[in-house]
Amino acid sequence: MAWNEPGKNGKDNDPWKQGGRDQGPPDLDEVFRNFGKKFGGIFGGSGGGNQSSSGGGSISTLLLLVAIVAALVWAFSGFYTIKESERGVILRFGQYHTEVGAGIHWKPTFIDQVRPVDIASVRSFRTDGFMLTQDQNLVRVTFEIQYRVFDARSYLFSVVNADNSLQEATDAALRFVIGHSLMDDILTRGREVVRQNTRQELETIITPYQMGLTLVDVNFRDARPPEEVRDAFDDAIAAQEDQERFVREAEAYAREIEPRARGQVNRIMQEAEAYRQQVILRAQGEVARFEQLLPQYLAAPRVTRERLYLETMEEVYSNTSKVLIDVSSGNNIMYLPLDQMLKGGAGGSGSSSALPVTPPRSLQDSQNTAPRQDGIRGTTTRDGRR
């Protein structure tokens with residue numbers, strides 16, 4: 001049966017117990033009182049007593065319940081997590097209190113505030129712009145700065161915004177260095193010097209502010225002149241690069257040739273020294289030989305002369321395959337050693353001839369005009385006797 005069906009004017013079926021169909025919305029005080037009666041026993045309340053005491057106890061119970069729920073929510077809302085690469089800066093009533101490391105922590109909500117700061121990651125930014133050089137030229141320079149945070153407290157509270165402050169300091173340091181450098185140095189061979197000077201100047205600027213930042217690297221990305229004169233500068237740079245390349249090639253060639261020349265000089269000097277020693281020793285040997293022959297020559301000059309002559313002829317004729325012998329009683333007799341000629345032809349050396357040699361008169365006048373066998377082999381007289 002519906003609550004608004006006829007029967008006792010619908011009073012038995014009215015959920016708000018108003019006793020009429022045309023009554024207004026239910027009384028909120030009554031609803032809360034009913035709610036308090038249901039939960040009063042749980043929190044130690046009593047369902048008896050007059051109406052006023054019952055209403056006051058219900059309100060107190062409801063406030064207590066709300067307070068407990070709020071306390072639980074407040075307690076659970078205080079848990080937070082700090083990552084491994086972060087440091088948590090604790091602010092108590094807006095003032096720095098302490099720092100915490102990685103892990104799960106708890107803070108009193110509405111009292112402490114946590115600001116995590118990443119201290120492990122490397123951050124970077126680029127800065128570029130047209131700058132005036134020392135020789136009154138305009139150049140566009142691009143730099144990349146890499147840095148990281150090492151002090152979370154200084155990073156948050158030393159300056160208003162440490163990242164923006166670092167960018168402004170970088171612009172100031174870069175313009176100062178470019179303003180004290182020449183255009184050619186910036187575009188070609190002086191890039192490393194500009195990079196190092198920029199880093200030193202930047203560290204000098206940010207050190208007094210104690211931003212809690214440390215520079216990881218300063219990279220010189222690009223440097224180029226304005227577009228209107230870019231072609232001319234490209235040609236000039238190409239010419240300078242060619243010049244440097246030619247100089248390096250010449251230096252490499254010099255480093256290659258110089259040791260070789262020094263080696264040749266040392267070899268020639270050593271050969272000259274060896275030849276000098278050889279000549280000296282040979283001369284000393286000849287002197288010693290003649291000193292030994294001198295007593296023999298003084299004792300028998302004729303015999304000594306003949307012996308020297310024969311030894312000399314033996315040494316000369318030993319290098320030829322044809323021998324001509326001049327005898328006093330007839331024409332010259334030529335003796336051809338065929339076996340030696342064949343050997344010489346097989347070896348590719350060819351045969352050579354010796355000019356007729358006339359012995360000295362001392363030998364012609366002597367009785368032993370026939371050639372002697374002790375110095376020359378294979379010689380014969382005209383009548384065939386050996």
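## Two exposed phenylalanines

A residue is called exposed when its relative accessible area is over 50%, and buried when that area is under 20%; anything in between is partly exposed. Phenylalanine 110 has a relative accessibility of 74%, so this residue counts as exposed. You can find phenylalanine 110 in the loop between strand E4 (103-106) and E5. Its backbone is worth a look too: phenylalanine 110 is not a glycine, yet its phi is positive, at about 70 degrees. Keep in mind as you explore that this is a predicted model.

Phenylalanine 93 is another residue to look for. This phenylalanine lies in the loop between E2 and E3, and its phi is near 55 degrees, a positive value in a residue other than glycine. With a relative accessible area of 66%, phenylalanine 93 is exposed.

## The chain as a whole

Now let us step back. The protein chain contains ten helices and ten strands. It has 386 residues, of which 26% count as buried.

## A three-stranded sheet

Follow the strands in the order E3-E2-E5 and you will trace an open sheet of three strands, paired in the antiparallel sense. Strand E3 (95-100) and strand E5 (112-118) are at the edges; each has a single partner strand, so one side of each has no neighbour in the sheet. From one strand to the next, the twist averages 30 degrees.

Strand E2 (residues 86-92) pairs with E3 through five bridges, again antiparallel.

## A hairpin and a buried serine

Next, look at strand E6 (residues 123-132), which is joined to E7 by ten bridges, with the two strands running antiparallel. In this pairing, arginine 123 stands opposite tyrosine 147 in E7. E6 and E7 make a hairpin with five residues between them, and glutamine 136 in the turn has a positive phi of about 65 degrees.

Which residues does serine 181 touch? Leaving aside residues up to four places away in sequence, they are Thr133, Gln134, Asp135, Ile186 and Val194. Serine 181 itself is in the loop between helix H4 (162-179) and H5. Its relative accessibility is 10%, so serine 181 counts as buried.

## Rings that pair up

How many aromatic pairs are there? The count comes to four. One of them joins tyrosine 96 and phenylalanine 157, whose ring centres are 6.4 Å apart, with 70 degrees between the planes, an edge-to-face arrangement. This pair links distant parts of the chain: tyrosine 96 is in strand E3 and phenylalanine 157 is in helix H3 (residues 152-157), 61 residues apart. Tyrosine 96 is partly exposed, with a relative accessible area of 25%, and phenylalanine 157 is also partly exposed, at 37%.

Phenylalanine 143 and phenylalanine 220 also pair. Their ring centres are 4.7 Å apart and their planes meet at 25 degrees, so this pair is stacked; planes under 30 degrees apart count that way. Phenylalanine 143 belongs to strand E7 (residues 138-149) and phenylalanine 220 to strand E8 (residues 213-224), so here too distant parts of the chain are linked, 77 residues apart.

## A helix of 70 residues

Finally, turn to helix H7 (residues 230-299). At 1.5 Å a residue, its 70 residues should span 104 Å, and its end C-alpha atoms are 102 Å apart, which agrees. There is a kink of about 30 degrees at leucine 293 in H7, shortly before proline 295.

Which residues of H7 are buried? They are Phe233, Ile237, Gln240 and Leu293. These buried residues pack against helix H5 (183-187) and helix H8 (301-317). An α-helix has 3.6 residues a turn, so residues three or four places apart point the same way.

Methods. Residues numbered from 1 in each chain as written. Predicted model: local features only at pLDDT ≥ 70, side-chain atom pairs only at ≥ 80, totals over all residues. Heavy atoms only, no water. Pairing = 2+ DSSP bridges. Helix = DSSP H or I, 4+ residues; strand = E, 2+ residues; numbered from the N terminus. Axes fitted to C-alpha atoms, helices over the stretch in contact; angles between N-to-C directions. Expected span 1.5 Å × (residues − 1). Bend = angle between axes of the 7 residues up to and from the residue. Buried < 20%, exposed > 50% of the residue type's maximum accessible area, 1.4 Å probe, protein only. Contact = heavy atoms within 4.5 Å. Phe/Tyr/Trp six-rings, centres within 6.5 Å; stacked < 30°, edge-to-face > 60°.
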